[in-house]
Amino acid sequence: LAAFAAAALASAASAQTTPGPEAAAGAVRVALDTADGPILVEVYPDKAPITAGNFLRYVDEKRFDGATFYRASKVPNAPDYGLVQGGVQNDPKRVLKPIAHEPTTKTGLSHVNGALSMGRTAPGTATSDFFICVGDMPYMDADPRQSGDNLGFAVFGKVVEGMDTVKKILAEPTSPTAGEGVMKGEILAKPVKIVTARRVAP
């Protein structure tokens with residue numbers, strides 16, 4: 001993620017919003033079977049059609065099968081909060097073209113506990129890699145009042161079951177030397193494999 005994310009994670013984590021079990025209208029559910037356990041997510045093509053559609057294309061074409069969660073970024077002094085990031089990491093055999101950025105000011109979504117959002121550098125560079133918030137992180141939303149790159153990150157779904165698995169991934173050991181820039185020290189010593197990613201009935 002961009003340096004903005006690192007600065008945001010340095011802030012104190014706010015109270016968590018527990019994801020509910022009921023499927024939202026228009027949502028598509030996807031089961032992620034990982035080496036650390038299952039995660040059930042729902043994505044919102046009605047609210048974030050470009051971003052959700054991109055994620056579902058990776059799912060439907062089985063591009064996430066064998067990919068990994070490879071990053072655990074913990075909030076300083078609050079290691080139970082942060083984010084986990086996964087995807088195909090620009091594997092040329094799996095990665096698709098970058099997609100247009102859908103800011104939260106357009107979608108009406110927010111970086112709440114369990115939110116799924118896209119990793120990016122500049123707006124319009126997101127491809128496969130997504131992250132899951134552990135704790136509410138509204139400072140990662142778009143904010144037109146800020147200067148510079150104020151478009152935030154593109155939320156497109158949330159976890160509905162399996163936050164215990166997400167927290168387990170967040171707690172996995174990281175390498176003190178792996179990674180560059182804001183990611184240094186946040187790369188998992190042993191990435192957590194995404195065995196399969198499949199649509200499921202709501």
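A residue is called buried at under 20% relative accessible area, exposed at over 50%, and partly exposed in between. By this scale R198, with a relative accessible area of 30%, is partly exposed. The model examined here is predicted. Of the 202 residues of its chain, 51% count as buried. The accessible surface of the chain comes to about 9000 Å², and carbon and sulfur atoms hold 55% of that area.

The chain contains four helices and eight strands, arranged along the sequence as α-β-β-α-β-β-α-β-β-β-α-β. Among contacts with a separation of 6 or more, 72% are between residues 24 or more positions apart. The eight strands form a closed barrel in the order β1-β2-β7-β5-β6-β4-β3-β8, with antiparallel pairing. On average, and with direction ignored, neighbouring strands of this sheet are turned by 35° against each other. Within β4, G87 is the bridge partner of T68.

Helix α2 (residues 49-60) packs on the sheet. The strands touched by α2 are β1 (28-34), β2, β5 (115-118), β6 (130-134), β7 (155-161) and β8 (187-200), and the direction of the helix makes about 90° with that of β8. Helix α4 lies across β1, β2, β3, β4, β6, β7 and β8, and runs at about 95° to β4. In α4 (residues 163-170), the buried residues are M163, T165, V166, I169 and L170. Viewed down the axis of α4, these buried residues fall within an arc of 155°, and they therefore line one face of the helix. In general, an α-helix has 3.6 residues a turn, so residues three or four places apart point the same way.

V43 belongs to strand β2 (residues 37-43). Its relative accessibility is 0%, so V43 counts as buried. Apart from neighbours within four places in sequence, V43 is in contact with G26, A27, V28, A52, F55, L56, L116, F156 and G157. One of these residues, L56, is 13 residues from V43 along the chain, and the C-alpha atoms of the two are separated by 8.4 Å.

Nine salt bridges are present in the structure. The side chains of R198 and D65 form one of them, with an N to O distance of 2.8 Å. Because R198 lies in strand β8 and D65 in the loop between α2 and β3, this pair ties together parts that are 133 residues apart in sequence. D65 has a relative accessible area of 17% and is therefore buried, whereas R198, at 30%, is partly exposed.

A salt bridge also forms between R120 and D149, whose closest N and O atoms are 2.8 Å apart. This pair links distant parts of the chain, with R120 in the loop between β5 and β6 and D149 in the loop between β6 and β7, 29 residues apart. R120 is buried, with a relative accessible area of 7%, while D149 counts as partly exposed at 40% relative accessibility. Salt bridges that share partners join R57, E61 and R63 into one network. E61 has a relative accessibility of 38% and so counts as partly exposed.

Definitions and conventions: Residues numbered from 1 in each chain as written. Predicted model: local features only at pLDDT ≥ 70, side-chain atom pairs only at ≥ 80, totals over all residues. Heavy atoms only, no water. Helix = DSSP H or I, 4+ residues; strand = E, 2+ residues; numbered from the N terminus. Buried < 20%, exposed > 50% of the residue type's maximum accessible area, 1.4 Å probe, protein only. Contact = heavy atoms within 4.5 Å. Areas by Shrake-Rupley, 256 points an atom, 1.4 Å probe, with all protein chains shown as cover. Arc of directions from axis to C-beta. Pairing = 2+ DSSP bridges. Axes fitted to C-alpha atoms, helices over the stretch in contact; angles between N-to-C directions. Salt bridge = Lys/Arg side-chain N within 4 Å of Asp/Glu carboxyl O.
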